[in-house]
Amino acid sequence: MRDVLQLLEQYREDVEAEFPPQDIEDVLGLSDSRTVRISRVPARRRWVAAAAAGAIVLALVGGVAFLGQLIAEEDPPVITQPAPSTSLPGPTTSLPSSTTLVDQGVAPFMTWERVPPQASLGAGDEQHEYLMHTVIEGGPGLIAGGRVRTAGGIYWYDMPAADDEAAVWTSEDGVSWDRIPAEGSGLDGPGGYSIHDLVAGGPGYVAVGAAVEDGFIGPAIWVSENALVWTRVDSAGFTPEGEMSPASGTATSAAVAASDDGIVAVAAEEIWFSSDGWDWQQVDTGLWKDFSDVAYADWGFVAAGEDYEVVRDDSGGVFRENERPIAATSRDGLTWEYLDLPEADTWFGAQATAIAAANEEVVVGGNYRTNGNLGGSINNMPPAFWTSTNGSDWDLSHIPQFSVDGIPNASAGIRSLAITDSGTVAVGGWWPPLLTQVRAFWGTTGWLEEMRNAVWVSPAQGEPWREDPRAGTFALEELDGQIGTTMGFDDIAVLDGRLVGVSTIAGEAAVWIGEWTD
Amino acid sequence: MELAEGTPLDAQQEQRESFTRFFEEAEPRLRHGLIARYGGESGSEAAADAMTYAWEHWDRISVMDNPVGYLYRVGRTFFRRNQRRRVGTNPKAVTEPWTEPALPKALRDLSNRQRSSVVLRHSFGWTYAEIAELLGVSVPTVQKHVSRGLDKLRAELKVGSHA
């Protein structure tokens, strides 16, 4: 009988013979003629991927002059190896009847001002970085969640490091913030933790996020009566083991929503339900849908995300194709119905990344691919919005190309939405073409220069969405003209008619107050 | 790697030499790690892409504490991108020469971590600590994956523990 260890030794010989070591000269030579780009990103953060390498598109829309300027400042935008199916349509000319275009070049709708740096947000702490991921109305006024990590090195957006501390902040007015001490708060533990979303529900508040313990990553859920003392409640019934890489779609909790009758948490392909916040059950959806966000409208829960086809290769690797924006609705949080959100016929795939609800109105934000490059490297991804008042009928709005400050073919990601009496606001980030998007979601704060805050506004239901021309630059101004170290807005909440946006800049939690202009 | 215009030639040469030293040490480890996860062809391809990426971003990667671990993740992402490019082809048609024809399927049936741990330990001779560092898990976790992976392989291949 042959020994399995002998077979495994033979395996090495087989592989080494067929796939010999790489020649360094090939590497050095390749690097002179190829630009490498990466297109996959985690759930909810997926919008930060793709785009870049838009030289061909730029040429089509007359951006040659800008291209020259950008080339002088950034890596050479060399484009090789386009996917066989790549095609580059011009600006969208044919849209479904339900689609409206987004106005551009309009006057600012809002004014935004960053609150002063303060120690509770990380000012003066050179040893740590304060990442504020989410904010809701609650507690003394506002409650924010995120994490505090050791400064420096690489971090993964959806995956805490082993020593990251989950963090909760409170504020009465959005301007002055207090951080709850981790010790004694119930947020600390033997591993690394991060809070990704908050909701008022259960015993008071529910926080969802991720935990890394003993090398394994998985979802984490905490509950609190007062936002000051938290109890972790996900010890049973949750995925015991996830992928270590967020780029592969970790099952870390991404979003949470609550009704009077229960709470729903979504993360990648999984949905959990709890009637009280303490006891959770995983909903057997039977399908692989990647959910990025969830909200509750008067008529039920709505989750938004993307559908895709799963292809498995000979070695067990799993990858996705034919991504489509989807919504899933449920009256009780336990039984879900799926539907494809409408797409323009010129799109090459889309994803829904954020959702908000108020009364019966639901707004979903996302983006779409402008061409069929499957690797996503020759893409710009303008924003798209879907609205519904019943979960069945959806209207679509999008722009054919996206421009900020005269930079054409930028890409946009929508991370959060807020429906207010004065209009609906979408926040997130944008990034110019030709840049290596891997920096946008991997790396130290010093690598995040491509992401810049962005705000889109729909003044009233049914009104066209408009890019706020001021929002695209104020993050840069905050840094005295330096290319910023921001990843764009992470979340937004409404307090007394004002908007409060949260993000991270240069290792500090950054909060902006937005107000409508007359 | 982009060197700024006007960069002295000796500085360019120094960059190449430092990358060469890194390459000689890191390339086998990176390639083995990705082969253990994705198989020979896909793993080698992902490793090549990751090393190219390393050279293009050498100014940043050269100062990392664990560049191989980072490039392992880069390689995993390239693997997915490369698979997406292959639309229109049958991914299962990729063939590799195996002395034991049943081994690829048996390895495929392991979990990703079991497969990586078993192959790195018993095909490429890594220590448990090295595997743990690459996979970002503890040494006991690696030992558990290796043990359970070997048990599954023995059952699947109907082979014994000893020759």
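This report walks through helices, sheets and salt bridges in a predicted model.

## Chain B: helices throughout

Start with chain B. Its secondary structure comes to eight helices and zero strands. Read from the N terminus on, the elements run α-α-α-α-α-α-α-α.

Chain B has 163 residues, and 55% of them count as buried. Contacts also reach along the sequence. Take the contacts in chain B between residues at least 6 apart in sequence: 68% of these join residues at least 24 apart.

## Two helices that cross

Now look at one helix pair in chain B. Helix α6 covers residues 112–122 of chain B, and helix α7 covers residues 128–135 of chain B. Their axes come within 10 Å. They cross at roughly 145°. The crossing of α6(B) past α7(B) is right-handed.

Which residues make the contact? On the α6(B) side they are R113(B), S116(B), S117(B), L120(B) and R121(B). On the α7(B) side they are Y128(B), I131(B), L134(B) and L135(B). By kind, the contact residues of α6(B) and α7(B) split into five nonpolar, two polar and two charged.

## A sheet in chain A: β3 to β6

Turn to chain A. Four strands form an open sheet in the order β3-β4-β5-β6, and the pairing is antiparallel. The edge strands are β3 and β6 of chain A, and each pairs on one side only. Strand β6 of chain A spans residues 177–179. From one strand to the next, the twist averages 25°.

β5(A) and β6(A) pair in the antiparallel sense over three bridges. Here W169(A) has R179(A), in β6(A), as its bridge partner.

## Salt bridges around this sheet

How many salt bridges does a search of the whole structure find over all chains? The count is eleven. Two of them involve strand β4 of chain A.

One joins the side chains of E129(A) and R149(A), at 2.7 Å from N to O. E129(A) lies in strand β3 (residues 128–138) of chain A and R149(A) in strand β4 (residues 141–150) of chain A, so the pair ties together parts 20 residues apart in sequence. Is E129(A) buried or exposed? Its relative accessible area is 6%, so E129(A) is buried. R149(A) is buried too, with a relative accessible area of 4%.

Another salt bridge joins D164(A) and R147(A), with the closest N and O atoms 2.9 Å apart. D164(A) sits in the loop between β4 and β5 of chain A, while R147(A) is in strand β4 of chain A. The two residues are 17 residues apart. D164(A) has 1% relative accessibility, so it counts as buried. R147(A) has 0% relative accessibility, so it counts as buried as well.

The side chains of E508(A) and R114(A) meet in a salt bridge of 3.9 Å, N to O. E508(A) is in strand β29 (residues 508–516) of chain A, and R114(A) is in strand β2 (residues 110–114) of chain A. The pair links distant parts of the chain, 394 residues apart. Why does R114(A) count as buried? Its relative accessible area is 14%, and the cut-off for buried is under 20%.

Salt bridges can also share partners. In this way R12(A), E16(A), E27(B) and R31(B) are joined into one network.

## A loop residue: A182(A)

Just one residue now. A182(A) is placed in the loop between β6 and β7 of chain A. At 12% relative accessibility, A182(A) counts as buried.

What does A182(A) touch, not counting residues up to four places away in sequence? It touches E165(A), L187(A) and D188(A). Sequence and space can also be set side by side here. A182(A) and V229(A) are 47 residues apart in sequence and 9.4 Å apart in space, C-alpha to C-alpha.

## Another sheet in chain A: β11 to β14

Four strands of chain A form an open sheet in the order β11-β12-β13-β14, with antiparallel pairing. Why is one side of β11 and of β14 left without a neighbour in the sheet? β11 (255–258) and β14 (281–283) of chain A stand at the edges, so each has a single partner strand. Neighbouring strands of this sheet are turned by 25° against each other on average, direction ignored.

Inside the sheet, strand β12 (residues 263–267) of chain A and strand β13 (residues 270–274) of chain A run antiparallel. Five bridges join them. In this pairing, A265(A) stands opposite W272(A) in β13(A).

Conventions:
Residues are numbered from 1 along each chain as its sequence is written. Chains are lettered from A and ligands numbered from 1 in the order in which they are written. This is a predicted model: local features need pLDDT of at least 70, side-chain atom pairs count only at pLDDT 80 or more; totals for chains, interfaces and linings use all residues. Side-chain values use heavy atoms; hydrogens and water are left out. Axes are lines fitted to C-alpha atoms, for helices over the stretch in contact, and angles run from 0 to 180 degrees between N-to-C directions. A crossing is left-handed if the near helix is turned anticlockwise from the far one by less than a right angle, and right-handed if clockwise. Contact means heavy atoms within 4.5 Å. Ala, Val, Leu, Ile, Met, Phe, Trp, Tyr, Cys and Pro count as nonpolar, Asp, Glu, Lys and Arg as charged, and the others, Gly among them, as polar. Two strands pair if DSSP finds at least two bridges between them. A salt bridge is a side-chain nitrogen of Lys or Arg within 4 Å of a carboxyl oxygen of Asp or Glu. Buried means under 20% relative accessible area, exposed over 50%, partly exposed in between (1.4 Å probe, protein chains only).
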